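The following report sets out selected features of one protein model. Please consult the sequence and the structure shown here while reading.

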Amino acid sequence: MYINLEVAIKFLYALILMNVVFAVVVYAIKLKNLRRARTERRFETKIKDYLTYVLIHIEGTEPLNVPPFSLNKVEREALQERLSEMIENFAGAPRDKCIELCERMGLVRRHLDRLNKGFYSAKIDAAYHLGGMRVREAVPALLKLLRTHKRNSSLFVVARSIAKCARDERDVEEMTEILLKHNKGFYDLLVDIIKEADIDHGALFADFIQRESYEFIQIGLCGLQEYTEPTVASAVYRLLDSPDRAIQRKAVEIYLKSVHFIPRNVVQRLLRHSLDEVRVLAVQAVVDLKLVPYIDVLRSALMDESARVSAASAKGLLLLGEEGAAQLCGAAVQARGSERGEYLRTLIEEQIQSLSDRLHDPDRLTQYNSLVYHYDKAFDENKRIYRVV
């Protein structure tokens, strides 16, 4: 019993000692942070005039002068953060002048040395700052670090720095290949990183989708989603028949969003696609591009087995003018007595009711009169009085 009591007392003393040590460490860290914060506040006042000078002369032809006062470690780091923010926000000559200023202040050389000779944490910090300063000569060392890096969040810090410092498309391609060896599936994040590079992103993404690699095609398609140029439609055209459903789905979406005209055979092929979402996209594209000559194709799509496709076709016909309204009413009469016919008639009547609520709009009034005329004519209803402004 005495032995157990003695052990308990020693254990209690150990806990008290650990708590004291922990409190001292926390207090020391807090004091250090407070001192750093005070130093940074004093530095803000000290550097205010210099930053004003930089902003005034950033557009000039003369190089920027280095600060006319000495800097300690904390002040140098604070100034570097300000310069990195300027580099991030500026472009062209102003950005180049800020980068040159960083070089003449010795910031570039310092972080290059840390990248090549420092410990792991110093290497990551140096990589981050070199990326912020767009130091192109750092790319080989950054790629070397990326190749040997473990799979954790810092991996993307290094990759983003490579993209910012990239000398050309080959640097970005090599960075992408290395990242894909670590993991697959983070395509949107990779696209976001690639967009940091000062290159022709559209051309690079278009090149990616011409490859046989599934991963590169996915990255290329993710990157091209924001583009609407006809050249993009030409680039993704071959992927419309891709055996991979995910690739095919994205390719169709990009193609239909980028093209200014869709050949009839392409529309018909897409409306035979096994995925109803692809067929819906094709219908919406015909309507968005106002392809009135394809009204007959949309009328055929009214009988699609998918309710989504049928509804999209019906609503699309209503948006394609008088001929579209006539074809929709004719299809409803032709299918009279069937479930599909009742559905189309109900849809037309709902549209008439919707249009009749706001007839002060001339366009809606025109649609209302046209739809009512063709509905009454198709179903041989008693002629209604048409509305006028």
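Leaving aside its neighbours within four places in sequence, with which residues is proline 263 in contact?

## Proline 263 and its surroundings

The model discussed here is predicted. Beyond the neighbours within four places in sequence, proline 263 is in contact with Tyr255 and Tyr294. Proline 263 lies in the loop that joins helix 13 (245-258) to helix 14 (264-270).

## Overall architecture

The protein chain contains 20 helices and zero strands. Its C-alpha atoms fill a box of roughly 95 × 80 × 50 Å along the principal axes. The radius of gyration of the protein chain is 33 Å, whereas a compact globule of 389 residues would have a value near 21 Å.

Of the 389 residues in the protein chain, 44% are buried. Among contacts in the protein chain with a separation of 6 or more, 61% involve residues 24 or more positions apart.

## The crossing of helix 2 and helix 4

Helix 2 (residues 73-89) and helix 4 (residues 107-117) have axes that come within 12 Å and cross at roughly 105°. The two helices are therefore roughly perpendicular to each other, because angles of 65 to 115 degrees fall in that class.

On the side of helix 2, the contact is formed by Arg76, Glu77, Gln80 and Leu83, which meet Leu107, Arg110 and His111 in helix 4. By class, the contact of helix 2 with helix 4 comprises three charged, two polar and two nonpolar residues.

The buried residues of helix 18 are Gly324, Ala325, Gln327, Leu328, Cys329, Ala331 and Ala332. These buried residues pack against four helices: helix 16 (295-301), helix 17 (307-318), helix 19 (339-356) and helix 20 (362-379).

Definitions and conventions: Residues are numbered from 1 along each chain as its sequence is written. This is a predicted model: local features need pLDDT of at least 70, side-chain atom pairs count only at pLDDT 80 or more; totals for chains, interfaces and linings use all residues. Side-chain values use heavy atoms; hydrogens and water are left out. Axes are lines fitted to C-alpha atoms, for helices over the stretch in contact, and angles run from 0 to 180 degrees between N-to-C directions. Angles under 35 degrees count as roughly parallel, over 145 as roughly antiparallel, 65 to 115 as roughly perpendicular and the rest as oblique. Contact means heavy atoms within 4.5 Å. Ala, Val, Leu, Ile, Met, Phe, Trp, Tyr, Cys and Pro count as nonpolar, Asp, Glu, Lys and Arg as charged, and the others, Gly among them, as polar. Buried means under 20% relative accessible area, exposed over 50%, partly exposed in between (1.4 Å probe, protein chains only). The radius of gyration is taken over C-alpha atoms; the globule rule is 2.2 Å times the number of residues to the power 0.38.
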